[in-house]
Amino acid sequence: MLDLNDIAVFVHVVRAGSFAAAGRRLGMPSNTISRRLQLLEESLGVRLLQRSTRQLNMTAAGREFFDRCAPGIEDIQQAGATLSEGNREPSGVLRVAAPADFFDNFAMEWVAEFMQRHPKVQLEFVLSDERVDLIAEGIDLAFRAGQLPDSSLVARKLGESYRGLLASPAYLKKHGMPASLEELAQHDCLAAANTVQAALWRLEGPSGAESIRIVPRLCINTAQGLLRATRAGLGIALLPVMVAAEDLRRGSLVAILPQYQRDLSGMYAVYPNRRQLSLAVSALIEFVAEKVKHGACDGTHKEMRFAVPEQQAELA
């Protein structure tokens, strides 16, 4: 008689891509996983996986068995999660992947607020600009920006932002407000450290794509460095408005020629499977969506294009 636990282990191994990754997810030693898969293969009388020192590959029988069993295993796990959660509050450990500069834009006070709202949730952030394999690394939720590649993962778009021209009130009081894109050439401009890109700013305006050549007074290779320099009144910078949202609200930065923008990109919450979304993951997604929306839509800068659509779709 087949053991459903062994079948569930097989499904986890296939999704994770290795015994080690599945073991981390299941809290089980790799040799135990290997032994249980061997017992499953003996019970079925067929080989499900071809093992090598570097990778696992499903046999034709393994692929057919996985396709038939995986949906059922997921249904059982989801049913168990639903019954166990019931009306309980979100709880458990969440492994969250995010860009390396995530906390430059997402205030640590907001993390404290979330943890106060949900005291039974433990957060483990994995910060990296590399694209983490969510399943292999046991990641419950990832926050990603930009254009997402094709994927079998599920994503919810939390908002979208772009780069805009910004300056401080002190700089504008001293040098004046540019009335056209061409006038930027007469101003002190701040740019990224890549001088080839900094020499030419390409923006989308009312008449389509336009370019302006600038000679930067100061080059810094991080958005936060450019933000601080702009705030200090050193010049005009082309910055992500999401990074500068708080300064724009306070008035410590001002939008310059807001009809021009560049690099429209989205912010997404990404997770492996909609059907196994826990209360804790759902709570964190809603919390971040709330903060992103609040940070961009206070009505102070109506020209700033920053939408938060209510949509959720398979990435395909």
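Reader: What is a cavity here, and what volume does the largest cavity have?

Author: A cavity is a set of grid points where a 1.4 Å probe fits but cannot get out. This model is predicted. The structure holds 1 cavity of 30 Å³ or more. The volume of the largest cavity is about 40 Å³.

Reader: Which residue caps the N-terminal end of H1?

Author: Helix H1 covers residues 4–16. At this end, a side-chain oxygen lies 2.8 Å from the backbone nitrogen of Asn 5. That oxygen belongs to Asp 3.

Reader: Which residue follows H1, and what is its phi?

Author: H1 has 13 residues and reaches 18 Å from its first C-alpha to its last, close to the 18 Å expected. Its buried residues include Asp 6, Phe 10 and Ala 16. After the helix comes Gly 17, with a positive phi near 90°.

Reader: Why does Thr 59 count as buried?

Author: Thr 59 sits in the loop between strand E2 (56–58) and helix H4 (60–85). Its side chain reaches the backbone nitrogen of Gly 62 at 3.0 Å. Thr 59 also touches Arg 47, Leu 48, Leu 49 and Gln 50, leaving aside residues up to four places away in sequence. Buried means under 20% relative accessible area, so Thr 59 counts as buried at 14%.

Notes
Residues are numbered from 1 along each chain as its sequence is written. This is a predicted model: local features need pLDDT of at least 70, side-chain atom pairs count only at pLDDT 80 or more; totals for chains, interfaces and linings use all residues. Side-chain values use heavy atoms; hydrogens and water are left out. On a 1 Å grid over the protein atoms alone, a cavity is a set of points where a 1.4 Å probe fits but cannot get out, and a pocket is an open set with protein on both sides within 12 Å along at least five of seven lines; lining residues have an atom within 4 Å of a point. Grid points are joined across faces, edges and corners, and a volume is the space filled by probe spheres set on the points. Helices (H or I, at least four residues) and strands (E, at least two) are DSSP runs, numbered from the N terminus. The expected span of a helix is 1.5 Å times one less than its number of residues. Buried means under 20% relative accessible area, exposed over 50%, partly exposed in between (1.4 Å probe, protein chains only). A polar contact is a pair of N or O atoms within 3.5 Å; within protein, one must be able to donate a hydrogen and the other to accept it, and residues adjacent in sequence count only if both atoms are side-chain atoms. Contact means heavy atoms within 4.5 Å.
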